[in-house]
Amino acid sequence: MALIDDDGRVEPRDAMPDAYRRGLVRQIAQHAHSEIIGMQPEGSWIGRAPSLKRKAILMAKVQDEAGHGLYLYAAAETLGVDRADLLDRLHTGRQKYSSIFNYPTPTWADIGAIGWLVDGAAITNQVPITKCSYGPYARAMVRICKEESFHQRQGFEILHTLSHGSPQQHAMAQDAVDRWWWPSLMMFGPPDDDSPNSARSMRWGIKRFSNDELRQRFVDMTAPQSHALGLSLPDPELAFDALTGHWRYGEIDFTELFEVIKGNGPLNAQRMAHRTDAHERGDWVREAALGYAAKHARTEAVA
């Protein structure tokens, strides 16, 4: 497409190849699903957060994630797909969400690690999407990235407080970082040579950088921050390379990523069971909203 080659923006009413449309639907839907499923690990801690202030902040963050999902489903709908169909595809396993949300959060420090590492990885991945070739997706990402930056700071602050607290709190923070570091690196997807979807998305201008480029950016950002936190990253090969200006890191075992994607992660079944149950229990709300809208449409038609 000449428009994409010229770094232009494609809008919903523009003609676009079917492959481009399908690629957008796949990526935006997975992104939206991830925001909705991603509410679960942190939502389970709202009632257990250590103070009223922490509860309020965490509640606001979970509400943000719900809003992000709504923005993204709305962006997907501009491509002619139905939101109900996308949710059905999620619930029946025909569409995926980010593998990172299939890990448990046994301690309060996990909430800090999610904010610092998971949201930090999300920001690294998503900021370039604000310049992607599809207008509605790019515009939705502007607000999402601004809010994600606050989420990342919240996680950093939680870990900083724990790391500089009692020895037990420091150990809790270190344990959480040890468990979340490698899954966070896997969030960027498989290596470039094993990621045909990534290469295709880059050709269409949906992605701006490859999986490995984004992963390196994340490591370069996070490694110095770990020193400020007083926490170590669980990679004995992690070292700064003065010649390249980048941090070298150890080999990632992507076997774990592929197993989680297949549905064999620690909490895949639990996450989907919770999601489908919540959706079914919300049927009456959707029916009431549709009935209310239909009633007012009839009233306006008569008037």
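Rings of Phe, Tyr and Trp, taking the six-membered ring of Trp, count as a pair if their centres lie within 6.5 Å. With that in hand, let's take a tour of this predicted model.

**View 1. Aromatic rings come together in pairs.** By that cut-off, the structure holds six aromatic pairs. One group to look for is W181, F188 and F218, which ring pairs link into a cluster.

**View 2. Arginines sit over aromatic rings.** Find W45, and you will see the charged end of R48 over its ring, 3.9 Å from the ring's centre. Then move along to F150, where R153 lies over the face of the ring, at 5.2 Å from the ring centre.

**View 3. Helix α4 packs against helix α5.** The crossing of α4 past α5 is right-handed. On the α4 side, look for L70, Y73, A74, A76 and E77, which meet R83, L86 and L87 of α5. Sorted by class, this contact has six nonpolar residues, two charged ones and no polar ones.

**View 4. Helix α7 crosses helix α10.** Residues 135–163 form α7 and residues 211–229 form α10, and their axes come within 9 Å, crossing at roughly 35 degrees. From α7, the residues Q152, F156, L159, H160 and S163 meet Q225, A228 and L229 from α10. This contact of α7 with α10 is made of four nonpolar and four polar residues, with no charged residues.

**View 5. Helix α12 meets helix α13.** The last stop shows α12 (residues 268–281) and α13 (residues 283–302), whose axes come within 4 Å and cross at roughly 40 degrees. That angle makes α12 oblique to α13. Look for H279, E280 and R281 of α12, which make the contact with D283, W284 and R286 of α13. What classes do the residues of this contact divide into? Four are charged, one is polar and one is nonpolar.

Key. Residues numbered from 1 in each chain as written. Predicted model: local features only at pLDDT ≥ 70, side-chain atom pairs only at ≥ 80, totals over all residues. Heavy atoms only, no water. Left-handed = near helix turned anticlockwise from the far one by under 90°. Helix = DSSP H or I, 4+ residues; strand = E, 2+ residues; numbered from the N terminus. Contact = heavy atoms within 4.5 Å. Nonpolar A, V, L, I, M, F, W, Y, C, P; charged D, E, K, R; others polar. Phe/Tyr/Trp six-rings, centres within 6.5 Å; stacked < 30°, edge-to-face > 60°. Lys NZ or Arg CZ within 6 Å of the ring centre and 35° of its normal. Axes fitted to C-alpha atoms, helices over the stretch in contact; angles between N-to-C directions. Parallel < 35°, antiparallel > 145°, perpendicular 65-115°, else oblique.
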